[in-house]
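Q: I would like to learn how to read this model. Can you take me through it feature by feature?

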Amino acid sequence: MSAIERTVEKIVERTDESPREPVTVAHSKQVVGGMLQDFTKKATNVRNKHVVVKDSCEVDQKIEANSRTVPGILSNRGCCYAGSRGVVFGPIKDILHITHGPIGCAYFTWGSRRNLMSAEEGKDCFSGYCLSTDVKETDIVFGAEKKLASAIREAYSIFKPECISVFCTCPIGLIGDDIESVCRKAEADLKIKVIPLRCEGYLGVSQSAGHHIASNALMEHLVGTEELEDLGPFDVNVFGEYNIGGDYWVVKDLLEKVGYRIVSCFTGDGSFHDMAKAHRAKLNILLCHRSINYTNRMMEEKYGIPWLKVNYLGVQDTMKTLRDMAAFFDNPDLTRRTEAVIAEEMAQVQPIIDMYWERLQGKRVMLLVGGSRAHHVRNMFETLGMDVVAAGYEFAHRDDYEGRRVLSSIVHTGQSKVLADIHYERDPNVVSPYDDAAIQKKRETIPRLMDYEGLLPHMKEGQIMIDDYNHHECERIVKDLGIDLFCSGIKDKYVFQKMHIPSRQMHSYDYSGPYTGFAGFIQFAKDIDMSVNSPTWKFINPPWRQETNA
């Protein structure tokens, strides 16, 4: 009997069991120990540092992160190019993106994420296009700078964009093409913005490096290059929201209902013209900490704009976000509208919560979502009475797990390549509405202002936190902890559904969504109930149970 067959047998055996006891520290440590025994001694020593069982008896629990994957272990990570082109720059609808490299790299970022975009009348929207220089073997030998220059001009002649971005992939870095000079020449000739991004896939241990590179490019080439004419009292920038399944549109409607004006969104359904004016906002609100916190830090340095860590995934965190924002602006009328919106929305949502709680309470979830989304989404399951017994990220850093308090203690090694940390002096032409004393006073009442506590403080006793997870580890935890719902990405989904475990693709919502805000939570609850309580699981007959000669 194969490993998957044994796992399925174990899962089927527990389907009729009485309610299980909560996970314990001792049992979880036993599960982790057994899981790691299947590796070689060297691999075990490495992976042991990336798995933590929450234990309040241990002081300052630490997890290893942002280091290279153990060779031979199947990782779910993406590359630096994927983080830069696919995650951060991809959702900007009026930039024409060109991949300088083999055609396969471009295809990887074409339609692979559900970054929904709305075309506006009279404005550019290039979301449906995939452009590549299609580098061949001869270009690797003789260089591809001329091919890139020709591609930029050809793209301009067809689409007439106001901004073009160029992303180089691994072969271009290896042969040394000077894409910066090509882009400068094209920018001067065409009188448009041409942004080079040197984001070769090998530059970092994961796509996180691409986020860093893209954030640097946003600051160097876009932010602060245009002016916002009509400044408002409640102007905000939305960061780390990529409009998966329409998430940003829900957030935009909710914030505008309260009374905020969104200057720009980084980067879901975003426009580079809006991002160019972002330095005039009063507050940056940050959802995905890992993907774009770099830009928040640089804008704080250069323009004096404070940032607030928020979460509008789940009703409790959405309410907390709205109240934190109101507390920051400290305006009585804004506070009144905030509470009125919360009361109106909760009147519709609470009956839904009560209904699905009865159907889902006690179910165990394994939640593996990139960025800081596992932290964001876990409260949604808990609101439905479900227990997130294991959670982790593909490409996080230690501060995503342990909070920004550990930043000063992180030691960068050769395994976690250090990318350019750009720092700025304060721009004398942009006067911040807040001095240091005012910000410090606000931080005393709003803990999430310019801070992030990470995932670990929100984990419960005995729950497992795991970094850079792989298939083997997931299978063992699913089996040994009796997981009822597996939530991860497309690379895992069907493996676990073949094991009779419902699986939700939480990177792109399985073509559902949106999940943000109060309305999004209702959709989320429906989808989770549909997955967990579907009667179809009773009728699945995997091949190894069929009595055939096939």
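**Reading the model: salt bridges, sheet, helix and surface**

A: A search of the whole structure finds 38 salt bridges. A salt bridge here is a side-chain nitrogen of Lys or Arg within 4 Å of a carboxyl oxygen of Asp or Glu. This is a predicted model, so local features need pLDDT of at least 70 and side-chain atom pairs count only at pLDDT 80 or more, while totals for chains, interfaces and linings use all residues. Residues are numbered from 1 along each chain as its sequence is written, and side-chain values use heavy atoms, with hydrogens and water left out.

Q: Which residue forms a salt bridge with Lys257?

A: Side chains of opposite charge can pair when their charged atoms come close. Here Glu344 is the partner of Lys257, with the closest N and O atoms 3.1 Å apart. Glu344 lies in helix H15 (residues 332–360) and Lys257 in helix H11 (residues 247–258), so the pair ties together parts that are 87 residues apart in sequence. Helices (H or I, at least four residues) and strands (E, at least two) are DSSP runs, numbered from the N terminus.

Q: How exposed is Glu344?

A: Glu344 is partly exposed, at 41% relative accessibility. Lys257 is also partly exposed, at 38%. The cut-offs: buried means under 20% relative accessible area, exposed over 50%, partly exposed in between (1.4 Å probe, protein chains only).

Q: Which residue forms a salt bridge with Lys493?

A: Asp510 does, and the closest N and O atoms are 3.2 Å apart. The pair links distant parts of the chain: Asp510 sits in the loop between S14 and H21, Lys493 in helix H20 (residues 490–497), 17 residues apart. Asp510 and Lys493 are both buried. Asp510 also meets the side chain of Arg504 in a salt bridge (3.5 Å, N to O). Arg504 is buried too.

Q: Which residues are linked in a network of salt bridges?

A: Lys93, Glu120, Lys123 and Asp269 are.

Q: What is the strand order in the open sheet?

A: Strands of a sheet pair through backbone hydrogen bonds, either parallel or antiparallel. In this case six strands run in the order S1-S12-S11-S10-S13-S14, with mixed pairing. Strand S1 (51–53) and strand S14 (503–505) are the edges: each pairs on one side only. Pairing requires at least two DSSP bridges between two strands. The twist averages 15 degrees from one strand to the next.

Q: How many bridges join S13 to S14?

A: Three, and strand S13 (residues 485–488) and S14 run parallel. Cys487 stands opposite Arg504 in S14.

Q: Which helices pack on the sheet?

A: Helix H2 (residues 25–37) touches S1 and strand S12 (464–467), and its direction makes about 160 degrees with that of S1. Helix H21 (residues 517–532) touches S13 and S14, and its direction makes about 145 degrees with that of S14. Contact means heavy atoms within 4.5 Å. Axes are lines fitted to C-alpha atoms, for helices over the stretch in contact, and angles run from 0 to 180 degrees between N-to-C directions.

Q: Is helix H16 mostly covered or mostly open?

A: Mostly covered: 10 of the 11 residues in H16 (residues 373–383) are buried. Among them are Arg373, His375, His376 and Phe381. Just after H16, Gly385 takes a positive phi of about 85 degrees.

Q: Is Val141 buried or exposed?

A: Val141 is exposed, with a relative accessible area of 62%. Val141 has its place in helix H6 (residues 137–142).
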